[in-house]
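Dear colleague,

Please find below the structure I promised to pass on to you. My notes on it follow directly after.

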Amino acid sequence: MQRIKKLLNEKDSDLLSVYYTAGFPNLEDTIPILRSLEKAGADLVEIGMPYSDPLADGPTIQDSSTQALNNGMHLQLLFKQLEGVRSEVTVPIILMGYLNPIIQFGMEAFCAKCAEVGVDGLILPDLPMEVYEEEFRPVFNKYGLFNIFLITPQTSEERIRAIDEMSEGFIYMVSTAGTTGARQGVREDQKAYFKRVEAMELSHPTLIGFGISDNQSFTEACKYSKGAIIGSAFIKHLSSEGADEASVQRFVDSIKQKSSSLN
Amino acid sequence: MSYIKVSEKGFYGDFGGAYIPEMLHPNIAELKANYESIMADPVFEEEYHALLRDFVGRPTPLYLAERLSEKYGATIYLKREDLCHTGAHKVNNTVGQILLAQRLGKKKIIAETGAGQHGVATATVCALKGMECIIYMGEVDIARQRPNVERMKILGAEVRAATSGSKTLKDATNEAMRHWISHPEDTHYIIGSVVGPHPYPDMVARFQSVISEEIIRQLQEKEGINHPDMVIACVGGGSNAAGTYYHFADNEKVDLIAVEAAGMGITSGKSAATTALGTPGILHGSKTLLMQTKDGQVTEPHSISAGLDYPGIGPLHAHLFASGRGRFIAVEDEEAMKAGIDLSRMEGIIPAIETSHAFAVLDKIDDLKGKKVVINLSGRGDKDLDTYIKWGKY
């Protein structure tokens, strides 16, 4: 069974998805971080495919992408690193990145590679729903890949419904108008937006991302959704605290601990 | 099939479209739904043309360059966009877009700029309309286009440095798009070239099309002809070229010459000659030709002129190139600088270094003789004095 689907069937709340950039902080850190995240209890892992011009990303992920590219990361190498990873990890893996490197790789070849190494889904912010539907949906389906769509506070109800219809797995609910990056707390207007979407009773669950950075924001987000996604805060942690297993464990604990004790 | 008309989905042949993050969808959808009807509104048209006449100083002259004509054995006219208020063609577009932003109820304006001409033109119209204005500009460009930075500040705009990547136009565009993502409701993004997601390339080309519209009228008056044999323009993103070609693109009797910046040489690794070095890909929301690595990372370009220092071209130009309709020629930094000095001494006009590229191409075209040629003199060189001085060979 598709690993994302299986996870969503088995676990109903407080899902933690963690993002990090492939090849950061060091080129060979991609797989050890993945292993550590699974061990530490992340429910999903999003691996960023670094790109020179990441439009939807704030400074933290931009910088990590630049460093990863300087380290020599590219798609061929990422797939090489991911070879055989399914013999040791079972956590759903989602690749997140931008369209251009994938188009240069070739969409079909890319999807085939994803399936081969055990990638379960993709988040491509600059792939609009309309283009996905017209050009790429059959190839995603052929290789069993879920395309995860974004919705934002500005997305109309009509469009959210259309996205829900086309989605598989879950919907990535961008918490605020902005690029990726840690922010303080969850504002009232964000809560209103979370409630509005919750009340729509979509057929797919949402995970809330952008600006989720600590236990407090994670817990708050989980009240309105099936879980939350943390990226920039983890990248910052890797930079300051190191990428070893114990460091990753500490980070995941810091996010999850209080939320489990609150339950 | 028309070369200049964009398809419903925003394509010119294989190029164009709107590859944008979901965050920008409402803004782009709003623009797409409204720009044609707003531009077709007679009240809008009247206001736009009144500003072009009384504020910008249009029509700009079509000037017969006698000494240049004699040198090349052709009839060479210069379309004097350098005489536009603010010193370049860029203002044709910003006047249009500020009126459009008002009609969309926007309160704030953002823009990117390379050479600073679009930044100044945007700051100018924001001052005119009392709107808040933030300009993103690469750190490298801020250093080499100092006078324009100060002009923007005098006009009341805030200039923000783009410090990522090559710290030039591409990065300023990234930052402006990120700002727009973060301020989707009250802000309009005035893109300065025929780049970006649909409908920007078409909208900007239409606002710049006043250039070729006037050329037609002026050639009729001066030469009694409906079209020139050849039009020449420099291409960075390609807005002045789009305006120069607009009414001639579907008339195959007119040769379209596009001049790109070869920088220090096409094969030097320091170049911005997109059609020579680029391959199809996606840049700033549009499928076009761009300079990139085989892994799809965007390459950092180089040109001595900040306005041409861009790793892509507008999708319209990618189509003109791919279809063979346009003739693309690259000119090196050194050749452009010399051509700038030549024009200064032969015609008494110091051009912007971007524009100098369009003049350098005269030495590279072997079928000029006897032709009626229009070169778009897209901007004046005041902003480039530092670069001329640093170059020093005059």
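**Findings**

In chain B, Tyr394 is found in the segment after α16 (385-391). Please note that the model is a predicted one. B:Tyr394 forms a nonpolar patch on the surface together with B:Leu385 and B:Ile389, and the accessible area of these residues together is about 330 Å².

When neighbours within four places in sequence are left aside, the residues in contact with A:Gln62 are A:Pro54 and A:Asp57 in chain A, and B:Ser164, B:Glu175 and B:Arg178 in chain B.

A:Gln76, by contrast, is partly exposed, with a relative accessible area of 47%. This residue is found in helix α4 (residues 75-82) of chain A. A:Gln76 and A:Glu88 are 12 residues apart in sequence, and their C-alpha atoms are 21 Å apart in space.

Turning to charged pairs, the count comes to 45 salt bridges over all chains. Those I would draw to your attention are as follows.

- A:Glu116 is bridged to A:Lys113, with the closest N and O atoms 3.3 Å apart. Both residues lie in helix α6 (residues 107-117) of chain A, 3 residues apart, about one turn of the helix. A:Glu116 is exposed, at 57% relative accessible area.
- B:Glu47 and B:Lys129 meet through their side chains in a salt bridge (3.7 Å, N to O). B:Glu47 lies in helix α2 (residues 42-56) and B:Lys129 in helix α5 (residues 117-129) of chain B, so this pair ties together parts that are 82 residues apart in sequence. B:Glu47 is partly exposed, at 27% relative accessibility, and B:Lys129 is partly exposed, at 27%.
- B:Lys371 and B:Asp367 form a salt bridge at 3.8 Å, N to O. B:Lys371 is partly exposed at 24%, and B:Asp367 is partly exposed at 29%.
- A:Glu188, A:Lys191, A:Glu220 and A:Lys223 are linked in a network of salt bridges.

Finally, the cysteines: the count of disulfides over all chains is 0. B:Cys133 is in no disulfide, and the nearest cysteine sulfur, that of B:Cys126, is 3.7 Å away. B:Cys133 is buried, with 6% relative accessible area, and A:Cys222 also counts as buried, at 9% relative accessibility.

With kind regards

Notes:
Residues are numbered from 1 along each chain as its sequence is written. Chains are lettered from A and ligands numbered from 1 in the order in which they are written. This is a predicted model: local features need pLDDT of at least 70, side-chain atom pairs count only at pLDDT 80 or more; totals for chains, interfaces and linings use all residues. Side-chain values use heavy atoms; hydrogens and water are left out. A disulfide is a pair of cysteine sulfur atoms within 2.5 Å. Buried means under 20% relative accessible area, exposed over 50%, partly exposed in between (1.4 Å probe, protein chains only). Patches are made of residues with over 30% relative accessible area and no salt bridge: like charges are joined within 9 Å, nonpolar side chains (Val, Leu, Ile, Met, Phe, Trp, Tyr) within 5 Å. Accessible areas come from the Shrake-Rupley method with a 1.4 Å probe; for residues, only the protein chains shown count as cover. A salt bridge is a side-chain nitrogen of Lys or Arg within 4 Å of a carboxyl oxygen of Asp or Glu. Helices (H or I, at least four residues) and strands (E, at least two) are DSSP runs, numbered from the N terminus. Contact means heavy atoms within 4.5 Å.
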